[in-house]
Amino acid sequence: MRFERRLILSFGVAAIMSIAAVAAYADETCNSPYMSGLIKGQEDFVHVWTLGVPGMGDGSDKLVTIDANPASKTYGKVIHKISVGGRGEAHHMGFTDDRKYLWAGGLDDSKIYVFDVGTNPSHPTLVRTIDDLGAKTGYAGPHTFYALPGRMLIGNLSNVADKGGVTGMSVYNNKGDFIAKYGMPIATIKQIKGDGYGYDIAVNPAKNALLTSSFTGWNNYMRDLGEVVKDPEAMKHFGNTLVMWNLKTMQPEQIFAVPGAPLEIRWALPEGQNWAITATALTSQLWLVKRDAQGAWTAKDVATIGDPAKIPLPVDISITSDAKGLWVNTFMDGTTHYFDLTDPEHPRQTYTKHTGSQVNMVSQSWDGRRVYITSSLLSKWDKTGMDNEQFLRAFHWDGHELSPAFEVDFTKEQLGRPHHMKFTANPQRLTSLLDATAH
Amino acid sequence: MHPLGALLRRAGAVAGTLSAVLGLAAATGPAGATEDPGKATAPRMEFVPPPPGSYKLQKIQRVADAVLLDSAGHAIRLASLTQSKITLLTFFYTYCVDPLGCPFAHTTLTGLRDQVRDDRALAGRVRFVSVSLDPTHDTPAAIAAYGRELAVDPKFEWRFVTARRVPELLPVLEDFGQDVSVDLDESGRATRTLHHMLKMFLIDAHGEVREIYTLAFVQPQVMFNDIKTLAMEALDAPRIAPAPTESSTHRNTAQIGSN
């Protein structure tokens, strides 16, 4: 994000916006680093891609928009929701390079929905549905949506043939047309054999680097978690690799053996940094991928998250923009952790808080002062009974303590299971080129 | 004096004139959300670019045709500027003052032009096209004057175009996915402050966009290698097997399809 900017062109005596004061960005680092429309300060809206629940409301997956600006009369309230007319295991989403559209995927039905959040972010509209992923690629379960200039790189989880974990990445242009596919490596590269699994994708343009992680296929993620963990054969089918790709050639160059399903990947993007970090779900570790003095990429575990023996199940992570801090949610024990990454080789956990009976996604605000958490992991993996809390909880963060800001009860509101979050802001006194001409 | 020097000097002068109002816009936003451009950071390239021809560029989209105006005021079809040669197209404003905006793009293009000119294999096979985002003020005469400072080499085709009216430009912007918006002042009137995301489009001789460079990807050596790659692809076309069309889910292969 900090590499990209909206260009400001000015003429005559027109005002020019200051670009001097820049706060620390936070969860923008989970987006493409070159996306435009960076937001500083208080976000206006949180969009939540929400799984439908049978018998709850319309039962459909939906994009829920929550007012997140304390200055607003509807602060902390659901102000808009748009259903997609079906239930396909809503999961992750990502902005296009111009931040005007959100692409959101269904892990079960492999549909991709494109929402316009630029025209009026308080009232997103569904502008396109892409349903040819399987036909075009053979892949299934579109997970990560990562903007490339003019197109969307999608990390998938599964395939249509056997619904296992061998999969690949697909590329669509911003108009929704299929462009290309790239299989996750199953060959041996530098003595490490690829498992062909996929999950997150993260790009570092300055290093021409694309790093991918690995999870599991439809057969596991759409099956009851209790059954999966009791099935030794099923437990063999989780990813154990990270892959470093050459972004320009889109060829895998190195495979790292990282046991236990490495999931979310975050690059340290400040100049001079040369590393990325990820968390393994099943082995509960932080892994550092770093370029050594000889220029070679290496991977090593650098910290544990909670007690790995209890399988706390680390899920989402959120890195601060200065790459000196990392939020980690552990699903099973409902705990939010903060790690000091000042020395990325030796992360130190400095804070924990029980934030729910089950917690999954965690997203910081741009200025790092607010932290948002949602509860749902997968429809078949969420807890049951009283522990099946479904919420978005917003917290203030003063550097020492998370304090409640507001909460939306997604069950009470008859919305469903909240998953991925993205922020938007109202456009600041802008108009179109056409309208400007008419003035 | 390098021709870019004049442009950059002019940009600096305007920016200096406006320095008194710096911060005004940022301070006038309502409490709460503000979009911020972020601190301008020049793109970095901390890697050795893959050699030309060692990779295939994706076919991102076909360029739709449109009628624009050349710098002599004549109607010109966009297709005539995006086919038959490898084309690097960007959008600009003659009065752009952002040091990492249009002047930066055109500085990059100037360097690339020199590299292309010195490469025999690329002789006569590459053109640059700069399309104005402001038909209202960037008249043919204005872009001609601007272009004279850049397109100084008669052996290299560098075209500057504008549109007759904004409505005739909008479909072009829509097709390329090039955003642009205009600041309003406190009374709701349009200012002359415009926003757009820097994008440079590499187009093959068949009118297909093959790469897009936003600021983080404006890495001249990579861009030059991409141009060379397209040139080699055109020469090698009969020897390059078409991409497989059937699913290769279980193979470690890449497949680049057409739209």
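Tyr101(A) has Asp116(A) as its bridge partner in strand 8 of chain A. Strands here are DSSP runs of E of at least two residues, helices are runs of H or I of at least four, and both are numbered from the N terminus. The model is predicted, so local features need pLDDT of at least 70 and side-chain atom pairs pLDDT 80 or more, while totals for chains, interfaces and linings use all residues. Residues are numbered from 1 along each chain as its sequence is written, and chains are lettered from A in the order in which they are written.

Strand 7 (residues 101-106) and strand 8 of chain A run antiparallel and are joined by five bridges. Two strands count as paired if DSSP finds at least two bridges between them.

The largest pocket has a volume of about 1100 Å³. A pocket is an open set of points on a 1 Å grid over the protein atoms alone, where a 1.4 Å probe fits and protein lies on both sides within 12 Å along at least five of seven lines; lining residues have an atom within 4 Å of a point. The volume is the space filled by probe spheres set on the points. The lining holds 41 residues, and Asp98(A), Lys100(A), Tyr101(A), Glu174(B) and Asp179(B) lie nearest the pocket centre. Elements giving two or more residues include strand 8 (112-116) and strand 9 (125-130) of chain A, and helix 6 (166-176) of chain B. Helix 6 of chain B gives the largest share, five residues.

Methods. Side-chain values use heavy atoms; hydrogens and water are left out.
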